[in-house]
Amino acid sequence: MSEIRIENLRKVYDVPNGKEVAVEGSTLTVPDGDFLTLLGPSGCGKSTTLRCIAGLENQTSGNIYYDEDEVSDRLAQERDISMVFQSIALYPHMKCIDNIAYPLKVRGVPKDERYERAREVAATLEVEGLVEKYPAELSGGQRQRIAIARAIVREPRAFLMDEPMTGLDEKLKVRMRKELKRVVEETEQTVIYVTHSQEEAMMLSDWIAVMSDGEIEQYGTPNEVYREPNNRFVASFVGMPEMNMWMGETDGSTVTVDIGEQTVDLTVRDAASDAERKDKSGIEERSSDAVEVGFRPQALSVVAAGDGDFDADLDLVEPMGENSLCYVDSPIGEIRVVEDAVEGLSEGSRVGIELDRHKGYIFDEDTGSTIARTGEAPPESDGVSGRAATDD
Ligand code: ADP
């Protein structure tokens, strides 16, 4: 296994109308034996990054290292990596055991040894019962497991996977995720995994690089990208259901959000320490007082009208098993609330929305950078002012 490092990776494609910058100056390190996920929406440059790391694509500039070896100009076959793609490429005329053992055959490993190793890996992935079958006799999920077995049968320097779960049904995805996590932990593989699914990324990864428009927006642990998003993009992209974003104004110590006739005042928490954090401009240093405030649906709750921070109309309640996702109509658009209580939520009624005040994020409206977090209500305010005299 190896540590994988990319430095200022840039990839520009020539396209009919000019140039397409697919990857713009990416730098990151995946420690030896760790699992990194490149996460982001379609077209943000994840596959291109992976393909450059694999040597399937030549980067326009930048360097790629496996440990201390610079591999930037090496061919894919000289890089000693294994790959699994979304489309499963098993040899149809070979039994599964032969498919799994094939990478060892190519490397000249003696027959007994390669079949012994192939059976070991099949056992790890719990596909021993399938190895005498041909790929056409297997389901999609079984084939994908054989493909993973083939990828890990030898010990490559890294194991690269591009959307390997796409096409599997939901239940199977959940099972495959667990299996993959167990297998890569047991085998201590360095893994770089591409997905647009934040659920997969959160569950599998030691590190997540959240990408948008060819750039890495944030590189951190799953917990960091969820709890301490660098910016509005990461905050919106990571977390389900998507974070609520509201326009607000700040004087540096308080943020005011107008919800139609109602006003919510929020204190700015840790503005000073946030200002010291890298990549943060600091709330005091900004030229404009326009901000966006983000609250995750889990940080809001539905209460009786008049009892919350503001009132709105409960439009739709979608059961999600343990809890419900409430869609609330307000003058500033739809608000999503995850509510523990499944009962007593009556669609079409006027309700109060209560904020868990410690859990809001404040973003610079122009740059999108996170500039602070919210805190308790200011002492002089009960958090609600300008409420319409009657809430009918
Ligand atoms: P992702 O994996 O995040 O969906 P890609 O890395 O596949 O994104 O693509 C990033 C950008 O580069 C996209 O705009 C895509 O259209 C462009 N792109 C990818 N491959 C090529 C190519 N071979 N030729 C031209 N443009 C490409």
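This report walks through a predicted model of one protein chain, from its overall build to single residues.

Local features need pLDDT of at least 70, side-chain atom pairs count only at pLDDT 80 or more, and totals for chains, interfaces and linings use all residues. Residues are numbered from 1 along each chain as its sequence is written, and side-chain values use heavy atoms, with hydrogens and water left out.

## The whole chain

The protein chain has nine helices and 22 strands. Helices (H or I, at least four residues) and strands (E, at least two) are DSSP runs, numbered from the N terminus. The C-alpha trace spans about 85 × 45 × 40 Å along its principal axes. Of the 392 residues, 51% count as buried. Buried means under 20% relative accessible area, exposed means over 50%, and partly exposed lies in between (1.4 Å probe, protein chains only).

Contact means heavy atoms within 4.5 Å. Take the contacts in the protein chain with a separation of 6 or more: residues 24 or more positions apart account for 68% of them.

An unreviewed UniProt entry annotates residues 4–238 as "domain: ABC transporter". UniProt positions are given in the numbering used here, feature names are shortened, and annotations may be inferred rather than shown by experiment. The span of residues 4–238 is 36% helix and 27% strand. Its end C-alpha atoms lie 24 Å apart.

## Two helix pairs

Axes are lines fitted to C-alpha atoms, for helices over the stretch in contact, and angles run from 0 to 180 degrees between N-to-C directions.

Helix H4 (residues 140–152) packs against helix H5 (residues 170–187) at an angle of about 15 degrees. Their axes are 11 Å apart. The angle makes H4 roughly parallel to H5. Angles under 35 degrees count as roughly parallel, over 145 as roughly antiparallel, 65 to 115 as roughly perpendicular and the rest as oblique. The crossing of H4 and H5 is right-handed. A crossing is right-handed if the near helix is turned clockwise from the far one by less than a right angle, and left-handed if anticlockwise.

From H4, the contact uses Gly141, Gln144, Arg145, Ile148 and Ile152. They meet Leu172, Arg175, Met176, Glu179, Leu180 and Val183 in H5. By class, the residues of this contact divide into six nonpolar, two polar and three charged. Ala, Val, Leu, Ile, Met, Phe, Trp, Tyr, Cys and Pro count as nonpolar, Asp, Glu, Lys and Arg as charged, and the others, Gly among them, as polar.

Helix H2 (residues 96–106) and helix H3 (residues 111–124) form another pair: their axes come within 9 Å and cross at roughly 125 degrees. That makes H2 oblique to H3. H2 passes H3 in a right-handed crossing. On the H2 side, the contact is made by Ile97, Asp98, Ile100, Ala101, Leu104 and Lys105. H3 brings Arg114, Tyr115, Arg117, Ala118, Arg119 and Ala122. The contact of H2 with H3 has seven nonpolar, no polar and five charged residues.

## Residues in helices and strands

| Residue | Relative accessible area | Class |
|---|---|---|
| Gln144 | 1% | buried |
| Lys173 | 18% | buried |
| Glu334 | 43% | partly exposed |

Gln144 sits in helix H4. Not counting residues up to four places away in sequence, Gln144 touches Val84, Phe85, Gln86, Ile88, Pro164 and Met176.

Lys173 belongs to helix H5. Leaving aside neighbours within four places in sequence, Lys173 is in contact with Met165, Leu168 and Glu200.

Glu334 is part of strand E18 (residues 333–339). Beyond its neighbours within four places in sequence, Glu334 is in contact with Asn244, Tyr327 and Val328. Glu334 and Asn244 are 90 residues apart in sequence, yet 8.5 Å apart in space, C-alpha to C-alpha.

## Backbone details in loops

Asp67 has phi near 50 degrees, a positive value in a residue other than glycine. Asp67 lies in the loop between strand E4 (61–66) and strand E5 (69–70). Its relative accessible area is 28%, so Asp67 is partly exposed.

Glu188 also has a positive phi, near 50 degrees. The loop between H5 and strand E8 (191–195) holds Glu188. Glu188 counts as exposed, at 55% relative accessibility.

The peptide bond from Met240 to Pro241 is cis, with omega near -15 degrees. Pro241 falls in the loop between helix H8 (232–237) and strand E11 (244–250).
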